[in-house]
Amino acid sequence: MKYQEKKKAVILLADGTVFYGKSVGNEGTVFGEVCFNTGMTGYQEIFTDPSYYGQIMVTANAHIGNYGVNDDENESDSIKIAGLVCRNFSYDYSRPSASGSLEDFFDKTNLVAICDVDTRALVAHIRDNGSMNAVISTETTDLTILKEKLKEIPDMKGLELASKVSVTEPYFFGNENATYRVAALDFGIKKNILRNMAKRDMYVKVFPYDTPLEELKKWNPDGYFLSNGPGDPEPLTEVIAKVKQMIAEDLPLFGICLGHQIIALANDVPTFKMHNGHRGINHPVKNLLTGKGEITSQNHGFAVDRKQAEANPNIEITHVHLNDDTIMGIRVKGKKCFSVQYHPEAGPGPNDATYLFDQFAEMMKNN
């Protein structure tokens, strides 16, 4: 019955490439940077990850929705992707612990999703030609109209999006009697990061991304944390200046993804927009300090310039991606500051990278 109700839908890329499919349910036209994730599981975590704000997600896995959703697996308070493109959308699900269907989950926020698309061909096209802006529509297949509207959408390069997903008021997470107090700047923080810190005896106060350093210091934290988030890090000039002050203060400082990029920029190491980014749960990373490998979850379209990092006397590269040699981790020499470009809390390893939270706790213990 559902299949018979599907309307014709279209995805149009900025380079003029067109793919056709069918509407999953909600009607609409949405815009964003199109990108793909190669993970075979974890679609709910992807859809609610604030780092994907403003992006149209193409899932490489052929089946989406087949295990429903579980309220405990949200990484934020709502769906953050701009839209979804998939091959086979499952209206029925078969997981005993599921709290509902993915269809109902989408209905709560009117997310526009299209299915029956040749996602193998679409992913291959993005892989070869790079991430770019796109539009998906279930309302019209008139390409002339869609092309004109698509021209008005700003490129991800130079686009500041952290302000769109950050909290507007501080909140607390964890046990207030915990040993360590962490002041976290929220650029789009994932809930599982907070859970991992709370497990390690940390009480976290999450602050809006633009909170002055003086306000963070009033809480008398034992360490600072810079979260993941969407968009280009370079426009966050005031945040970068604030992080420079944090590093000079030399309280333990840990950054993940966007936070990692901001730490690099605070040390005058530039970032760049990647061809198509890293998005998946099987990315191999080598820890250069231990020689050990880690299977990691990744989600980023920007990276730190390796040549500039190698030339910077204050930066030590600690982790590299084994597929393309991009920087996956750094630390600031002579300072209690380190960061990684992947998600240790996501745990596809499953525990290959969780030591980073232990490292942060140990740094605060010895401070």
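My entries follow, starting with the ground rules.

**Ground rules.** I am working on a predicted model, where local features need pLDDT of at least 70, side-chain atom pairs count only at pLDDT 80 or more, and totals for chains, interfaces and linings use all residues. Residues are numbered from 1 along each chain as its sequence is written, and side-chain values use heavy atoms, with hydrogens and water left out. Helices (H or I, at least four residues) and strands (E, at least two) are DSSP runs, numbered from the N terminus.

**Entry 1, strand β11.** I looked up how covered β11 (residues 180–186) is: 6 of its 7 residues are buried, so the rest of the structure largely encloses this strand. Buried here means under 20% relative accessible area, with exposed over 50% and partly exposed in between (1.4 Å probe, protein chains only). Next I checked its partners, where pairing takes at least two DSSP bridges between two strands. β11 runs parallel to β12 (residues 202–208), joined by 7 bridges, and Asp186 has Pro208 as its bridge partner in β12. With β13 (residues 223–226), β11 pairs in the parallel sense over 4 bridges; there Val182 sits opposite Gly223. I also noted that β11, helix α7 (residues 191–199) and β12 make a right-handed β-α-β unit, meaning that with the strands pointing away from the viewer, the path from the first strand over the helix to the second runs clockwise.

I found Phe187 in the loop between β11 and α7. Is Phe187 buried or exposed? Its relative accessible area is 0%, so Phe187 is buried. Beyond its neighbours within four places in sequence, its contacts (heavy atoms within 4.5 Å) include Tyr209, Leu226, Val239 and Ile262. I also looked up Gly259, 72 residues from Phe187 along the chain: their C-alpha atoms are separated by 8.0 Å.

Helices α9 (residues 237–249) and α10 (residues 258–266) pack at about 75°, axes 9 Å apart. That makes α9 and α10 roughly perpendicular, the label for 65 to 115 degrees. From α9, Val239, Ile240, Val243, Lys244 and Ile247 meet Ile262, Ile263, Leu265 and Ala266 of α10.

β15 (residues 271–287) and β16 pair antiparallel over 10 bridges, with Lys286 opposite Gly293. They form a hairpin with 5 residues between them, and Gly291 in the turn has a positive phi of about 80°. In β16 (residues 293–304), 10 of the 12 residues are buried.

Definitions and conventions:
Axes fitted to C-alpha atoms, helices over the stretch in contact; angles between N-to-C directions. Parallel < 35°, antiparallel > 145°, perpendicular 65-115°, else oblique.
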